[in-house]
Amino acid sequence: MSAPSIDAPRSFSGRSMNRRNGQRSNFELYSWLFMRISGIVLVFLVLGHLFIMNILDGGVQRINFAFVAGRWASPFWQVWDLTMLWLAMLHGTNGMRTIINDYAERDQTRFWLKMILYVSAGFIILLGTLVVFTFDPNIG
Amino acid sequence: MAAVVEEVVVTEVDAPVASDVTFRIRRFIPEFDEEPHWEDYTIALYPTDRVLTALDKIKGELDGTLSFRRSCGHGICGSDAMRINGRNRLACKTLVKDLDIKKPITVEAIKGLPLEKDMIVDMEPFFAAYRQVLPFLIPEGHDPTRERLQSAEDRARFDDTTKCILCAACTTSCPVYWTDGQYFGPAAIVAAHRFIFDSRDSGFEQRLEVLNDKEGVWRCRTTFNCTDACPRGIEVTKAIQEVKRALIFRRV
Ligand code: SF4
Ligand code: FES
């Protein structure tokens, strides 16, 4: 009878072997950092936006087509709104992606939920960007 | 001169009284039970008794089929982590007087690891994650002829995480670990922290590569369940945050 073979201690398990040969990526690191930074920026952008829209002279009462047209005539507000749109959408999408990763158990469910998420996020971002850039004040 | 005779006052100390305590234990015996179910046991206990004593008594006097792991009975071996009144605790470090005995005390196995019997779970996934972070010293250069010296300040940096007894209370209290067993879990990160911040170790790159993984530290949501659960009082969440910072700045 031969002696039982004993695995070498401290060997890498199969999974970490794969990891070492395979794809190394900093994606999760950057996505984590992005969440913190976009969160801070969004606090200012969104609160500023709410303040201007709802409180500053007259609040919502003064908002009409002309008001929006006047604002978007200036590149400053275009950039503000565009940044807000992109950051909010990416921040929200990434948050939802995290939640799906956490709670959807089957790979199929995960995949399809994420597909719906990405398609709808992409759609809203594109539509919003299009409006900000191609807005025509003479349309009315 | 008259001697002053001091009067010795003897206060009667009440002898501790035992009272009936009900334990609601989540039982599962794979040979008989399809699903785990709750069962009540009532025994007399002193306020200074531990939950572990209660389990021993129940096993000895009421129901010999009750199974749980225990060894040292003094919070050192880490074998008796369980969910007591919904919180992960060591049965040997939880006193009856700290629990509300007006209601039944619930005891169940830790969550997130495969249940084998009663309080016994399969710890293998937990230890697999532990092994992956290379929890041993990886030195650099020639072996010194004497000890590897270290200053007191350098030692203090990872002092907290040396206290881990691998009881799995933290990992199995983590909601991210419950929902998908892929996450390394707090205990593995604590073990990594122990060596990453050790000035004598140079396995930084290798370990960070492991922890930077999709299932690594970035899955942590700073829930603080782990810090709350740790029977050794390790600031687990803080250790995880320190590892995150080291990863972002690529420097210890
Ligand atoms: S960090 Fe604390 S709770 Fe987690 S395994 Fe170690 S001793 Fe147990
Ligand atoms: S029996 Fe050893 S830690 Fe509780």
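Let me start at one residue: Arg24(B) counts as partly exposed, at 32% relative accessibility. For that scale, buried is under 20% relative accessible area, exposed is over 50%, and partly exposed is in between, with a 1.4 Å probe and protein chains only. Arg24(B) makes a salt bridge with Asp40(B), and their closest N and O atoms are 2.8 Å apart. By salt bridge I mean a side-chain nitrogen of Lys or Arg within 4 Å of a carboxyl oxygen of Asp or Glu. This pair links distant parts of the chain, 16 residues apart, with Arg24(B) in strand β1 of chain B and Asp40(B) in strand β2 of chain B. Asp40(B) is partly exposed too, at 41%.

Some housekeeping, friends. This is a predicted model, in which local features need pLDDT of at least 70 and side-chain atom pairs count only at pLDDT 80 or more, while totals for chains, interfaces and linings use all residues. Residues are numbered from 1 along each chain as its sequence is written, chains are lettered from A and ligands numbered from 1 in the order in which they are written, and side-chain values use heavy atoms, leaving out hydrogens and water.

In chain B, five strands form an open sheet with mixed pairing, in the order β2-β1-β5-β3-β4. At its edges are β2 (37–45) and β4 (87–90) of chain B, each pairing on one side only. From one strand to the next, the twist averages 35°. Strands here are DSSP runs of E with at least two residues, helices are runs of H or I with at least four, and both are numbered from the N terminus; two strands pair if DSSP finds at least two bridges between them. Strand β3 (residues 81–84) of chain B runs antiparallel to β4(B), joined by four bridges, and Arg83(B) stands opposite Asn88(B) in β4(B).

Across β1, β2, β3 and β5 of chain B lies helix α1 (residues 51–62), at about 100° to β2(B). The axes are lines fitted to C-alpha atoms, for helices over the stretch in contact, and angles run from 0 to 180 degrees between N-to-C directions. Contact means heavy atoms within 4.5 Å.

Phe224(B) has a positive phi near 70°, but Phe224(B) is partly exposed, at 47%.

On to the interface. The contact takes 23 residues from chain B and 20 from chain A. Together the chains bury about 2000 Å², 50% of it on carbon and sulfur atoms; that is the accessible area (1.4 Å probe) that two parts lose on being put together, summed over both. In chain B, Gln132(B), Glu209(B) and Trp218(B) lose the most area to chain A, together 28% of what that side buries. The rule finds two salt bridges across this interface. Asp102(A) and Arg221(B) meet in a salt bridge, at 2.9 Å from N to O.

One caution about chain A. Its mean pLDDT is 82, and 82% of its residues reach 70 or more; pLDDT is the predictor's confidence in each residue, from 0 to 100. Over residues 8–22 of chain A, though, pLDDT stays under 50. Where pLDDT is low, the predicted coordinates should not be read in detail.
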